[in-house]
Amino acid sequence: MASLTASAPGKVILLGEHAVVYGKPALAMAIDLRFRCTIAPSDSVLINGWEIDRAKHPYTSHILNEHWRGGIEIETSSDIPSGSGLGSSAALCASLNTAIMAYGMEPDEEVCARRSFEAELNAQGSASPVDTSASVHGQGIAVNLEGGKPLWGISHAERRWSISHLDVPRLTLVIGHTGISAPTGPLVAKVRRYYEHSNFAKDIVDEIGSLTEDAAKALSSGDRVGLGSMMTEDHKLLSILGVSSRELDKLVQAALPYSFGAKLTGAGGGGSMIALTDRPDKVCEAIERRGGRPYVVSSGQPGAIIEK
Ligand code: PMV
């Protein structure tokens with residue numbers, strides 16, 4: 001049987017990370033950095049020409065165990081730096097599931113989003129469906145936002161996330177990757193300790209929640225100035241929660257003179273920051289000068305698709 005290629009985008013969280021763990025809304029946007037998987041049925045199980053090592057490829061192994069019978073050849077390539085908080089593992093899961101599903105069934109975003117979430121959960125031990133839903137659906141998604149166009153709901157343990165479509169106007173963002181890989185789990189645990197012992201931390205989480213609701217309105221009216229200042233405010237609140245770092249603060253400060261606003265994105269600690277700007281070249285230069293790696297990305301990106 002012929003080979004086929006699927007691709008899926010990475011993502012950034014525009015606002016609401018960490019507070020979303022406590023049921024507040026979050027807004028995420030697909031970016032034009034993509035992960036590609038080409039697959040073909042085969043006699044053996046090969047990934048990029050090598051027999052698959054299941055310990056090294058936990059996402060792929062889970063997906064194959066659950067959804068593929070027989071041998072397969074998989075070739076992968078990615079624009080998304082791994083460990084950057086930009087959703088590379090989610091995009092791997094979304095693109096591989098999309099490719100595999102094309103062999104046996106009609107395309108179904110919800111099924112693909114669930115399968116991709118389960119693969120992340122299995123490989124990482126914990127996960128939220130934000131990255132995988134953003135990668136499968138593309139464009140923008142909101143989590144736990146009242147009044148959105150509902151896409152699907154996903155539950156695990158005591159958490160339930162309701163995912164809806166988010167209209168994102170034409171936006172340019174510059175991502176600044178610190179080059180530091182910071183796993184999500186310990187940062188979420190750090191915020192939880194603070195949240196459980198301090199009313200002040202609970203107030204900060206509430207404030208992030210209302211800021212994110214306001215940001216959704218700014219997005220739908222195309223108010224970049226308003227959205228930018230809310231992003232910068234969100235960065236300050238996240239810093240109070242203890243999830244920023246010297247490197248992230250440095251890149252945010254470098255970007256601000258040329259931006260509507262800037263903030264860390266995702267779990268923090270290391271990973272990446274984003275700046276909303278109409279002067280991407282200036283922001284890229286400023287980020288590079290402070291030791292970060294810049295990527296210019298724009299909104300309106302398709303989700304997981306079959307390319308050929
Ligand atoms: O894994 P990241 O870097 O995209 O961030 C996850 C977002 C958090 O709110 C920090 C955690 C979560 O489970 O929602």
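Which residue's side chain meets that of D206 in a salt bridge? The partner is K24, with N and O 3.1 Å apart. Keep in mind that the model is predicted.

Start with the overall layout. The protein chain splits into two parts: domain 1 covers residues 4-168, and domain 2 covers residues 172-298. Their centres, taken over C-alpha atoms, lie 23 Å apart. Where they touch, domain 1 supplies 26 residues and domain 2 supplies 39 residues.

Now look at the area of that interface. About 2600 Å² is buried between domain 1 and domain 2. Carbon and sulfur atoms account for 71% of this area. On the domain 1 side, the residues that lose the most area to domain 2 are L15, H18 and Y22. Together these three make up 28% of what that side buries.

Polar and charged pairs also cross the interface. Two salt bridges link domain 1 and domain 2. Residue pairs in polar contact across the interface number 10, counting pairs with both residues at pLDDT 80 or more.

Which elements shape the domain 1 side? Two of them, β1 (4-15) and β2 (26-42), each give two or more residues to the side that touches domain 2. The top contributor is β2, with seven residues. Sorted by class, this side of domain 1 holds 19 nonpolar residues, four polar ones and three charged ones.

Turn next to the ligand. K11 places a polar side-chain atom 2.8 Å from an oxygen atom of the ligand. T184 likewise has a polar side-chain atom 2.8 Å from a ligand oxygen. H18 uses its backbone instead: an N or O atom there lies 2.8 Å from an oxygen atom of the ligand.

The structure holds nine salt bridges. One of them joins K11 to D131, with the closest N and O atoms 3.2 Å apart. D131 sits in helix α4 (residues 130-137) and K11 in strand β1, so this pair ties together parts that are 120 residues apart in sequence.

Note on methods:
Residues numbered from 1 in each chain as written. Predicted model: local features only at pLDDT ≥ 70, side-chain atom pairs only at ≥ 80, totals over all residues. Heavy atoms only, no water. Domains from an automatic or database assignment. Contact = heavy atoms within 4.5 Å. Buried area = accessible area lost by both parts, 1.4 Å probe. Salt bridge = Lys/Arg side-chain N within 4 Å of Asp/Glu carboxyl O. Polar contact = N/O pair within 3.5 Å; in protein donor to acceptor, adjacent residues only side chain to side chain. Helix = DSSP H or I, 4+ residues; strand = E, 2+ residues; numbered from the N terminus. Nonpolar A, V, L, I, M, F, W, Y, C, P; charged D, E, K, R; others polar.
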